[in-house]
Structures are given as C-alpha cells and as structure tokens.
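Good morning, everyone, and thank you for making time for this short talk.

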Amino acid sequence: MNNENREIRELREGKREKLTPTVMSYISAIYTLIEKEGVARVSDIAKLKEVSYASATNAVKKLSSLGLVEHKRYGFAKLTQRGLRIAQMLKSGESRIKYFFMYVVGIPQKKAEQIASLMVYDLDAETRRKLRKFYSILIDFTKDRCEELEKFIKEHRMNSELPEEAFRLKDKIKVL
C-alpha cells in the first residue's frame, strides 16, 4: 500500500485525527491556488470555496493542527510534504472521476467536475484502487481491450453476488 493511501486510512480509522471530506476539500483548494497563483491566501481560499473568511481561517487552522499546512497570521497557507501528497492524491482521483464521467459516460465537463468533487473525498483506498484500474481500461477503450474489461468485471463480480434488484432495474432502463 502506498504512503498516501496509508495516511488517508490512518486518518479515517482514528489512528490520526480524522480528515473530513470538508477538510480534504480545503487541502484541494489550497493546492489549486498554489498551482494557479503560486500562493494561497486565506481570502483566496474563502473566495474559491465560496465561504466566509472566518470559515476559511478556521479550516486553515485545523489543517495546520493536523500538520498538513504551514500558516502564520496574515501569511500564505503552504502545504507540508504530507499535505502535498494528500492533495496530489485527491486531485488525481478527482481528475480520473471527472474524465470517466466526461469521456465514458458522456456527462458535460462542468457537471462531471461537480460529481468528481463530491465523490473523491469519501473513497477508501480499495475503492480508489479499483476505480484506477477500471479507469485505465475504459479511458482509452478499444476493441482490443474487451478481454481485459471482461476479466475485470468477472473478478469483481466474484467478490459479491449481484442482487436480483439490479436485474429488475436493468429491465426498467429505456434505451434512447
């Protein structure tokens, strides 16, 4: 298991103070601002997250207490090495989810970004691993990859029995 997934798992299991989806979204916001602007000011974080300055300040303090951000009053928020690793893992997961919905499901970019930003923060390491594999198969899917997709689906169906309701739902789908 890689370091990022271990850190997220430890946080979720209570071995470290928990990272909530909201707090993780602030890590991503800081990372986004640093990528675009070179720095992350609390006022810019508040603007990006569409929250009050006080809310952004409290979140930065929380991230600082977790050792994920370095911040001095009236200064910039800077991700620590651990914060940077978590931010990069979240961003790559968010991108995979966004592109999956855009290029495989056919959802417009803005909506795909919204879906991805809601989904990414609550996925466990095993789910992330399975999504990465599924994404790698489907994102550049060709006829040659049919066997690989079939194998992936069979392997993952072996782990759980498909409930009867799934078949009933399939029957109710109207093909456009």
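Predicted model: local features only at pLDDT ≥ 70, side-chain atom pairs only at ≥ 80, totals over all residues.

**Helices that cross**

Residues are numbered from 1 along each chain as its sequence is written, and side-chain values use heavy atoms, with hydrogens and water left out.

Now, two packed helices are described by the angle between their axes and the distance between the axes. For H3 and helix H4, which covers residues 53-65, the axes come within 8 Å and cross at roughly 110°; the axes here are lines fitted to C-alpha atoms, for helices over the stretch in contact, and the angles run from 0 to 180 degrees between N-to-C directions. H3 and H4 are therefore roughly perpendicular to each other, a label that takes in 65 to 115 degrees, whereas angles under 35 count as roughly parallel, over 145 as roughly antiparallel, and the rest as oblique.

What about H3 and the helix H2? The axes of helix H2 (residues 21-37) and helix H3 (residues 42-49) come within 10 Å and cross at roughly 115°, which makes H2 roughly perpendicular to H3. This crossing of H2 and H3 is right-handed.

Staying with helix H3, we find Ala-46 in it, and Ala-46 is buried, with a relative accessible area of 6%. Buried means under 20% relative accessible area, exposed means over 50%, and partly exposed is in between, with a 1.4 Å probe and protein chains only. Ala-46 and Ala-29 are 17 residues apart in sequence, and from C-alpha to C-alpha they are 9.2 Å apart in space.

**The chain as a whole**

Stepping back, the secondary structure comes to 9 helices and 2 strands, where helices (H or I, at least four residues) and strands (E, at least two) are DSSP runs, numbered from the N terminus. Along the sequence, the pattern reads α-α-α-α-β-β-α-α-α-α-α. Of the 176 residues in the chain, 32% are buried.

Most residues other than glycine have a negative phi, and most peptide bonds are trans.

At 72% relative accessibility, Tyr-74 counts as exposed.

**Charged pairs**

Side chains of opposite charge can pair when their charged atoms come close. How many salt bridges does a search of the whole structure find? The search finds 8, a salt bridge being a side-chain nitrogen of Lys or Arg within 4 Å of a carboxyl oxygen of Asp or Glu.

One of them joins the side chains of Arg-129 and Glu-126, at 2.6 Å from N to O. These two residues are 3 residues apart in helix H7, so about one helical turn separates them. Arg-129 is partly exposed at 40% relative accessibility, and Glu-126 is partly exposed at 39%.

In helix H8, Lys-154 and Glu-150 are 4 residues apart, which also means about one helical turn, and their side chains meet in a salt bridge of 3.3 Å, N to O. Here Lys-154 counts as exposed, at 51%, whereas Glu-150 is partly exposed, at 42%.

A further salt bridge, 3.0 Å from N to O, links Arg-145 and Glu-148. Is Arg-145 buried or exposed? Arg-145 is buried, with a relative accessible area of 18%, while Glu-148 is partly exposed at 30%. Both residues belong to a network of salt bridges that also includes Lys-133 and Asp-140.

That brings me to the end, and I am happy to take questions.

Definitions and conventions
Left-handed = near helix turned anticlockwise from the far one by under 90°.
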